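Trainee: I am new to this structure. Please take one part of it and go through that part closely.

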Amino acid sequence: HCRDLGEIMSRLPSFKARFARQAKAFLLTLAILCGGATVVSAADSNGNIDTTWGGGGLFDTQVFSPTTAYGSKIIPLANDKTLHLVTLGAGSNEFGFGLFQLTASGALDTSFSSDGWIKQDRTVGSTTLYGLAPKAFKVMQDGSIVVVGNFYDNTSSPIRVGLFTAKYDSTGAPAAGFGSAGIVLADYYTQTGNANWLSFAPVISIAASGKIYAFYGTNGEYVLRLNADGTPDLTFGTNGRYLGLYFASPLFSNASVRVKAFTVDETANPITATFFGVDMNSNPTKSSAVMYRLKFGSGTSGGNSLAELDTTYAGTTVLGGAQSSTSGYARAEIPAFGMSVKEVAFSAGGFAYIVAGVPYSTTNYLIAMDTSQRRPYTSFGTNAVLDVTSLSMTSLAAVEVISSGPDKIMLAGQDNATYKMMVAKYDQGTGA
């Protein structure tokens, strides 16, 4: 059951590896599934547990007890501190979220919210929601903290589904004048039935300007934008959103693209966004890692603003070892079909690393994409694809790049046989 739940949780903002200074790895494990709480662990650059950090190398999130905390995201801060975001559940999928800040030694940082942690339950103002599911968070240039995710309100009729934005100052206090005690709700769906609220499942990108972009829909049909204050930006496209993908005339024949991350260039005119993901079944036996760019200009379709493929984005596609020029996208062939995209990480050197795998399987691949050259990085692995199936990780839902000395890639996941956390390290340039 722990293994199956691990796969289910990997669909949510799940456990990830995030790396701070001194090449120290901080891992949010899935200990919750078998033991009742998320555990943060620290390892040195050789993969050994750093017993000087926390309690013997571990920090247990029992501060949120009796609420269960699911591992999510970590941001390294100055002085080797770390800021952590977790999803909270209290039975019946009643989700909220928590933030906690740790010192360099792995202790709660009492300069943050006086005791080191914040717990946000599912009540916003006078409304008790079904849940809040955090998807992304960012520390802004002024030190404020922004958390964005989706909410579901089944207390109203029709049912409300949308995005929430929470904002805190650097001390962990709700941002003054921001929504209801620091949270703003933006409605995007209404439903007459009790549909699965996670089907909204947005992928979030928080721009440096503070504006929030969300790629959402059952198959990612829309891109919407919120203002920095969490309200819909109605100047963006039609009523604040663009149609986001080409399912009437798809990018790739017989392919269903699944996006895990995207970056926004607000300096471009028009604004562009580069998306990273996997097409699940581009032919009966193979899939592809995908990197493509859309532009948010004046294009329309059926009276709606259309995010068009940016044909000035000159990409390269590698299929079967053969390279060809492509307009608007780049692809790298994966020698398996039915792929889902598990994680995407970016290096300071302009590379994107995509983890793709077969759901409920140890079949996993790591794909390197050169974002500046707009092509698969063919020096990595075999034609930009590294088969990591031999690691036997059932729940491989983490990847990050360490930029201390020669860049390295570290993967974190759950061992298929023992259910223990595993960490693997590779050379960024070759995949060795």
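Mentor: Strand E16 (residues 212–216) and strand E17 (residues 222–226) pair in the antiparallel sense over 5 bridges. Strands here are DSSP runs of E, at least two residues long, numbered from the N terminus, and two strands pair if DSSP finds at least two bridges between them. Within this pairing, Tyr 213 stands opposite Arg 225 in E17.

This is a predicted model, in which local features need pLDDT of at least 70 and side-chain atom pairs count only at pLDDT 80 or more, while totals for chains, interfaces and linings use all residues. Residues are numbered from 1 along each chain as its sequence is written, and side-chain values use heavy atoms, with hydrogens and water left out.

Both strands belong to an open sheet of 4 strands, whose order is E15-E16-E17-E18 and whose pairing is antiparallel. At its edges are strand E15 (203–206) and strand E18 (241–243), each of which pairs on one side only. On average, neighbouring strands of this sheet are turned by 15 degrees against each other, direction ignored; the axes are lines fitted to C-alpha atoms, and angles run from 0 to 180 degrees between N-to-C directions.

The loop between E17 and E18 contains Asn 239. Phi of Asn 239 is near 55 degrees, a positive value in a residue other than glycine. Asn 239 has a relative accessible area of 62%, so Asn 239 counts as exposed (exposed is over 50%, buried under 20%, partly exposed in between, with a 1.4 Å probe and protein chains only).
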